[in-house]
Amino acid sequence: MSASKVIGVDVGGTKILAGVVDADGNVFEKVQIPSPTASSEALLAGIDQVIMDLLSEEIAAIGIGIPASIDQRSGVVLSSVNLPLQGLHFRQRMSERFELPVGIDNDANVAAIGEWKAGVGRGTSDLVMLTLGTGVGGGLILGGKPYRGSVGAGAELGHMVILHNGPPCYGDCSGHGHLEAFASGHAAAIAARDQLGPDVDSRKLVELGKSGDERALALLHRIGDHLGSALGSMVNIFNPELIVIGGGFAAAGEFILAPARERMVVESLDGLGDMTRVVAAELGSNAGMIGAGFVAFEALESAAATP
Ligand SMILES: [Zn+2]
């Protein structure tokens with residue numbers, strides 16, 4: 001690999017963060033704008049803008065993480081809950097626009113790739129990542145490479161059933177009892193409002209926990225306990241070396257991670273849970289952008305391999 005650089009773009013429901021990234025995950029320059037969500041044209045114009053702000057001679061490829069499931073064969077967005085991207089030939093549109101190799105991936109996948117290559121997962125080859133935000137995103141690194149499923153839409157770990165026929169999931173998801181309905185920041189905010197008062201959101205819930213509020217601690221414990229059920233299943237299925245918990249609600253830290261580990265050990269087969277480390281993510285809000293940079297390098301490599 002030459003010393004070239006790429007642009008990594010993390011498209012979120014509220015902001016677009018982009019940066020110039022090298023092959024080691026170092027970030028050189030960053031730009032951030034609020035996500036224009038009025039229409040897909042406005043959103044694409046916003047993504048174009050951050051890329052143009054960073055574009056230079058040394059940029060060899062572009063990687064973009066979006067909160068959507070993607071058909072990696074065609075580069076078409078299959079479904080997108082929070083942003084108007086569904087049905088777009090997104091990869092083709094971006095590579096034609098900038099005349100560079102473009103890689104696209106789900107936002108939680110790019111966060112997992114970022115933490116694996118440049119964050120807390122460095123040196124591991126089997127890693128599960130969950131991002132606890134508005135929803136619960138999932139990313140898998142298996143056998144030393146990102147696992148994306150048959151068409152590239154896999155690793156939606158937040159939509160794992162942890163309670164048969166449980167409460168409805170959020171957004172467009174028709175499922176019930178999914179992890180997202182128990183352990184997302186949104187789920188935490190709803191439970192906090194119900195149990196602790198109308199102005200308690202997920203952030204306030206964590207603050208109350210830090211101040212020792214018994215009811216807040218009990219609620220955080222319960223959320224962590226549910227999270228642990230999902231972690232137990234993931235240990236049994238994937239036998240990962242490391243489980244990384246990121247996203248905004250990961251700010252709850254050990255208030256949820258400690259009960260999650262306990263439950264994980266109970267639910268996982270003998271000995272497997274004890275050998276699995278559960279840790280907080282390290283790269284914070286840069287994980288997606290840095291991971292998108294690595295996805296750009298992947299696109300560059302496959303472009304070089306295709307005559
Ligand atoms: Zn769901």
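Predicted model: local features only at pLDDT ≥ 70, side-chain atom pairs only at ≥ 80, totals over all residues.
1. Domains. The protein chain is assigned two parts: domain 1 covers 5-110 + 285-305, and domain 2 covers 122-282. Their centres, taken over C-alpha atoms, are 26 Å apart.

2. Where the domains touch. Domain 1 brings 13 residues to the contact, and domain 2 brings 17 residues. On the side of domain 1, the elements giving two or more residues are β5 (69-71), β6 (76-79) and α3 (107-118). That side of domain 1 is made up of 5 nonpolar, 5 polar and 3 charged residues.

3. The sheet. Look next for an open sheet of 5 strands. Its order is β10-β9-β8-β11-β12, and the pairing is mixed. β10 (145-146) and β12 (277-280) are the edge strands, so placed since each pairs on one side only.

4. β11 (residues 242-246) and β12 run parallel, joined by 4 bridges. Ile 245 has Ala 280 in β12 as its bridge partner. In general, the strands of a sheet pair through backbone hydrogen bonds.

5. The helix pair. Helix α7 spans residues 214-238 and helix α8 spans residues 254-267. They pack with their axes 6 Å apart, at an angle of about 40°. α7 and α8 are therefore oblique to each other. Their crossing is right-handed.

6. What lines the helix contact. The residues of the contact of α7 with α8 comprise 14 nonpolar, 6 polar and 5 charged.

Terms used:
Residues numbered from 1 in each chain as written. Pairing = 2+ DSSP bridges. Axes fitted to C-alpha atoms, helices over the stretch in contact; angles between N-to-C directions. Parallel < 35°, antiparallel > 145°, perpendicular 65-115°, else oblique. Left-handed = near helix turned anticlockwise from the far one by under 90°. Nonpolar A, V, L, I, M, F, W, Y, C, P; charged D, E, K, R; others polar. Domains from an automatic or database assignment. Contact = placed C-beta atoms within 7 Å.
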